[in-house]
Amino acid sequence: MTAKILILIIAIEFACTSCKKEVIEQETNAGKIEFEFVHKVRNESLYVDSLCYLNQAGNPYEVDELKYFISDVYFYNTNGAKLHIDAQTAIHYVDIDYPETLVWKIFDPIPTGTYDSVSFVFGLNEERNISFAFVNPPEVNMFWPTVLGGGFHYLMLNGKWKNPQGNMIPFDFHLGIGQTYSGITSNVDSITGFVQNYFEVTLPLPTLMINDNSTNKIQLAMDIESWFETPHTWDFNDWGNYIMQNQLAMKTACENGYNVFSISSITNNKKTMQSWKDNESHSKN
Amino acid sequence: MRCLNYLLLIFLLLLGETSFSQQPVDTINLGEIVIQGAKIDKGNKVILDQASINRMSLPDIGTLLRNVAGVNGIRKGGASIDPVIRGYRFSQINVMADDGMKVEGGCPNRMDPVTSHLEPDDVESIEIIKGPYSLRYGPSFGGIIQLNTFKPKPSDNFEIHLKSHTSLSSNPAGLGQYLLFFGGGKKFYFGVSGSYKNYHDYKTGDGNKVSSSFRKYNYSADLGYTPAKNHELLLSLHSNYGRDLMFPSLPMDERKDNTTLISADYHIKNLTSLIRKLDIKVYGSDVYHEMDNSQRAAYSSVVPPYTGLMQAVSKVDASNSGGRIELNLIKGKHELLAGADLEIARKDGGRLTRMIMVMNGVETISTKNTNLWKDSQMINSGVFGTYIYDNQKFKINVSARFDLNQATSTDTLKLIKEGVNYFNQLSSNYTNLSANAGITFPIKGGHSIGFYAGRGMRSPDLTERYIKFLTVGYDSYDYLGNPQLKPEINYQSDLIIDVNLNKAGKLKVDAYASIIDSYISAVPLPASVATPKSMGALGVKQYKNVGQAWFYGFEATYNSPVIKGIGVVLTASYTYGIQERAIKNILENNQVIDQVELKNDAVQEIPPMETRIDLNYRFYNQKMLFTLGSRIVAVQNHVSESYYENAIFGTVLMNMAYEFQVNKLIKLASGIQNLFDKAYYDHLNRRIVGSTSRLYEPGRNYYMNLIINI
């Protein structure tokens, strides 16, 4: 009897170890895209926390923090189709203090083909810009007070400039939902309405070929200096250090934003989805 | 399926030797808790008596249950350990009090499992049935835990008694005091009790303090009345209060818990020669639960990487009311239990989130109110019947149960994307059929063998149906309910073998296997559909029926003969669970970069194999008992990838216990838990919020209980 019980236990153990874990492979016929975000000032890599830049208005300035959202990316196929990136998320947050945010490995499979342009929203549109939509750092720190329109900052570009008196003045070059006021002061009690300041950016792609199981990396560059020139010359001495409650200033800044982005490069990454999944499968076993 | 085939094969082999004799009574030693004379009947029913409950070092029912083979617990703080039977957890097990009284916990994170709403000293015994084999108290899926509280009894002469239970412990440092007055006469009899507990933070084996303090107090009153011979009316009230219970594994702590349980029972015995018993019960339970993050750093100071204060408060009202009626008919060797029951569960509550930031020198406060449940309600009504035939040569049990289950909510959330209804139609109605059968054969030589097979069907609970964006699961995801979830069905079989080894002792083995259809798990939702609302959440998962899951395992108990007062008890338990299909997000730098479908992924929160060996020595005219216990926990490598579970190392723990019945009135129970002050955690312990490290168990604990019965 005892021997039979032992056989029973061994039999159960054997049966239980016979079900191996595995990854179920799926046909894709698609590739992947990664965005790499780089930040420059006049074609040189951004150098932070140092007073080393001079804008078109002649303000010496430094950049200390840079963080922003892009959303609703579309890729335009040469066959006329357009692909909306939103299968997992339509929003990406970029923050130079968090290097991991400087690469966006897009979840969506990209159908094979040739793509000739890409567009995205700088900031967040009304549908996506909802207070408390993000609750974790670092995105949560982009919170835009409800009383000023709610949601999140589109952009936080923080730094300092040297005024004509030689004093270093901190600036918060912040973009988000603007307000209209009934009076001449920016008292929150006199807010009469809100203005959506997000804007769309469209960039041509120098031939993006998506092959099956391949990964393409697109380097997206932001030129910081462009925020302060074309079409409007931005003078910190005129606009001051805080613009969250100054709709005219935010409108001016947004109008300067149309050409801050460019495509630096597109490279094909040899690592394929298939090999990645193989690695994943091996690690599980 | 292969496992089932093996079980069937072994079962047929063993049937060849069947013969008939009396079913044995077992002695079970549960680690530092010794339970002598605990009966095991109806297959795998385990009964814990009050003596074993009084021996506890920390009066928490979940802590006690963790010592039963095949029963484990999920720890999130210093108290309120959530029981798990053979890997079945939450609503997969039916936890109730006093023949069918249910309690609906108020916390979506299960800070307050049903076991936490009763004062352990009020509990006289606990019955555990593993598997879907008892259908008398509502749908049963993976098992039943029945907590039987103190009930006054009539006596021929008017009497008054006092029971006092004082408990002290060093880790956590704390004190518990319980007092019960009871007595009465033939017509009226009563019991009035009260308790207070105050425990501080505990220290792990490596000296780290864990924020785990708690305070609880309670009072209860019971009144019995005998209007006529064989008739009895029992009225009962339990009020339990929890204050400032800390849960380092959860985003918030329990600030306040007010629970009221009331019930009325009417029993009639020997109504006719055929009707042996008629039981009628009505009950109501109400829970108010309040939790917040006021003791967390982010509430009152800016904690990098946050740049503002994050404050959250949740308040939930939950209730459960219902009743049951049951007839017990006996004629000769035939017995029938038949009846009907009703359960109405309700939950309503929300969360207030405040974000306070200073911008340009001006403080701004943004607030958001979200409901967690909005007037959620579930009504379950059922009829059941159990037929028992016992001719002393073999015993047969056959049970069936039919349930109507309806759920509604007035939630206004609509989550529809590209034609997919993630959260939309809120009402659902199900008809559920459960059934089981079992047979037990005594075999020549004092052995016995039993085979049980059952189908347990349960509708999803209010959390699985309607919860909105809270980290209620094992992983750090916000969970979203699914109003259109289907019921899950457990097909389970147990093979139970009792072996009389004569002078070598007794051995009992219970091997089981189950297949679950429409298994309820959770799958990740894209951020474009839903983003998390809880601090620290990685993303959002939604409850889904994901296909089949399989559970296998066994429990074994060996009792040596007692020689010169010395005996050894050995128990072992093992569970293996896999699910047919699971979805896993591939994360890189907190970004979801891909998703894979896994086949045969482990079910999450399955305990590792565990063995206990206890050496008992009873001496000084049986008045003293010394126990040296060991708990050996194996490595758990079979972990869920889709829930990002980590493997754990095995561990060995030692405990000591000493008990002295000083005289008829006074009993002393003391001991040392975690004798070698080992730093360890159980596999089911949750992670500490904001980190990847698990919540460690307490280090060495000296405890003493003084029980006085007058």
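Which residue takes a positive phi in the hairpin of β16(B) and β17(B)? In this predicted model, N270(B) does, with phi near 50°, and the hairpin has 5 residues between its strands.

## Strand β17 of chain B and its partners

On one side of the account stands β16(B), residues 253-269, which pairs with β17(B) in the antiparallel sense over 16 bridges. Within this pairing, I268(B) stands opposite L278(B) of β17(B).

Strand β17(B) also pairs with β18(B), residues 309-331, again in the antiparallel sense, here over 17 bridges. Y288(B) and D317(B), the latter in β18(B), stand opposite each other. In a regular strand, side chains alternate between the two faces of the sheet.

## Aromatic pairs

A pair of aromatic rings is described by the distance of the centres and the angle of the planes. Over all chains, the count of aromatic pairs comes to 46. In the pair F69(A) and F134(A), the ring centres are 5.3 Å apart and the planes stand at 20°; because this angle is under 30 degrees, the pair is stacked. F69(A) belongs to strand β5 (residues 60-77) of chain A, whereas F134(A) lies in the loop between β10 (113-122) and β11 (155-162) of chain A, so the contact ties together parts that are 65 residues apart in sequence. Both F69(A) and F134(A) are buried.

In chain B, the rings of Y199(B) and F214(B) have centres 5.2 Å apart and planes at 25°, so this pair is stacked. The two residues are 15 apart and link distant parts of the chain: Y199(B) is in strand β11 (residues 188-199), and F214(B) is in strand β14 (residues 214-225). Y199(B) and F214(B) are buried.

## Lysines over rings

Two lysines of chain A are placed over aromatic rings. The charged end of K32(A) sits over the ring of F107(A), 5.4 Å from the ring centre. K82(A) lies over the face of Y74(A), where the distance to the ring centre is 4.7 Å.

## The second largest pocket

The volume of the second largest pocket is about 1,000 Å³. It is lined by 38 residues, and those closest to its centre are D99(B), E127(B), R136(B), Y137(B) and K277(B). By class, the lining of this pocket consists of 21 charged, 9 polar and 8 nonpolar residues.

How values were computed:
Residues numbered from 1 in each chain as written. Chains lettered and ligands numbered in written order. Predicted model: local features only at pLDDT ≥ 70, side-chain atom pairs only at ≥ 80, totals over all residues. Heavy atoms only, no water. Phe/Tyr/Trp six-rings, centres within 6.5 Å; stacked < 30°, edge-to-face > 60°. Helix = DSSP H or I, 4+ residues; strand = E, 2+ residues; numbered from the N terminus. Buried < 20%, exposed > 50% of the residue type's maximum accessible area, 1.4 Å probe, protein only. Lys NZ or Arg CZ within 6 Å of the ring centre and 35° of its normal. Pairing = 2+ DSSP bridges. 1 Å grid on protein atoms, 1.4 Å probe; cavity = no way out; pocket = protein on both sides within 12 Å on 5 of 7 lines; lining within 4 Å. Points joined across faces, edges and corners; volume = space filled by probe spheres on them. Nonpolar A, V, L, I, M, F, W, Y, C, P; charged D, E, K, R; others polar.
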